[in-house]
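Dear colleague,

I am handing over the structure below, and I would be glad if you kept it open while you read the notes that follow.

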Amino acid sequence: MPKAGFWAIGGYAISFRKDGRWYADDEPIANQHIARLFSEHVRPDGKGGWVIDVGIDRQSVTIEDTALVITSVEGDSAGGFRVRANDGVSDSLDCTTLAIGPDNVLYCELDRGERGRIRARFLRAPYYVLTGLMQIDERSGTATLECGGRRHLVRRLAAS
C-alpha cells in the first residue's frame with residue numbers, strides 16, 4: 001500500500017529512520033509526494049514524541065533519530081552556507097548550532113516557525129562537504145568551522 005498514489009495517514013505504523021526515509025509498516029514509502037508531505041508536517045507533540053499533523057489527519061510517528069535530515073549544503077566559508085532539508089526548505093546554516101554526536105554524526109538546528117526548532121541530521125553527501133572544511137585539533141579532538149569571517153566551535157553532544 002505505501003506505493004499507492006494516495007492513502008490516509010491512519011492505519012499504518014509510520015516511522016522516519018536514520019537513512020532519511022519514511023516507512024509505513026516497515027516498507028519504505030516510495031511516493032516522494034507523500035514523503036515530502038510527512039516531512040513538511042511532522043512536529044513535536046509536546047509530550048516528548050512526534051506527530052504528523054495534516055489538517056484533520058493526525059498520527060503519532062516514530063522518529064529514529066531526527067525528524068529532519070540535511071540533504072544538501074551550498075556556499076563557502078567566506079559567504080556562509082545554506083542547507084536544504086528533506087522538507088524542501090532551504091535555510092542559512094546557523095553554525096552555532098552545529099554539533100557532533102555519537103559515531104561522528106553531524107547535526108544542526110533548523111527554525112521551522114510554528115513547528116519550533118528541530119534538530120536535523122546531515123546525510124552522507126552534505127556531511128562530507130561540511131566536514132571537509134572543518135579544522136580538527138588532533139590533540140584536543142575539537143572541530144571548528146569558519147563561516148562568514150568567524151570561527152565556530154562544533155560542540156560534542158553527550159552520548160545518550
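How many of the five residues of strand β14 (residues 143-147) are buried? In this predicted model, four of the five are buried, so β14 is largely enclosed by the rest of the structure.

The hairpin of β13 and β14 has six residues between the strands, and in it G141 takes a positive phi near 80 degrees. Five bridges join β14 to strand β15 (residues 150-156), and these two strands run antiparallel, with E146 standing opposite R151 in β15. The hairpin of β14 and β15 has two residues between the strands, and G148 in the turn has a positive phi of about 60 degrees.

Elsewhere, six strands form an open sheet of mixed pairing, in the order β3-β2-β1-β6-β5-β4, whose edge strands, β3 (27-28) and β4 (42-44), each pair on one side only. Helix α1 (residues 32-41) packs on this sheet, where it touches β1, β2 (22-24), β4 and β5 (50-54), and its direction makes about 110 degrees with that of β5.

Within the sheet, strand β1 (residues 14-16) runs parallel to strand β6 (residues 57-63) and is joined to it by two bridges, with F16 opposite I63. S15, which lies in β1, is buried because its relative accessible area is 11%, under the 20% cut-off. Its side chain makes a polar contact with the side chain of R17 (3.4 Å).

Best wishes

Methods:
Residues numbered from 1 in each chain as written. Predicted model: local features only at pLDDT ≥ 70, side-chain atom pairs only at ≥ 80, totals over all residues. Heavy atoms only, no water. Pairing = 2+ DSSP bridges. Contact = heavy atoms within 4.5 Å. Axes fitted to C-alpha atoms, helices over the stretch in contact; angles between N-to-C directions. Buried < 20%, exposed > 50% of the residue type's maximum accessible area, 1.4 Å probe, protein only. Polar contact = N/O pair within 3.5 Å; in protein donor to acceptor, adjacent residues only side chain to side chain.
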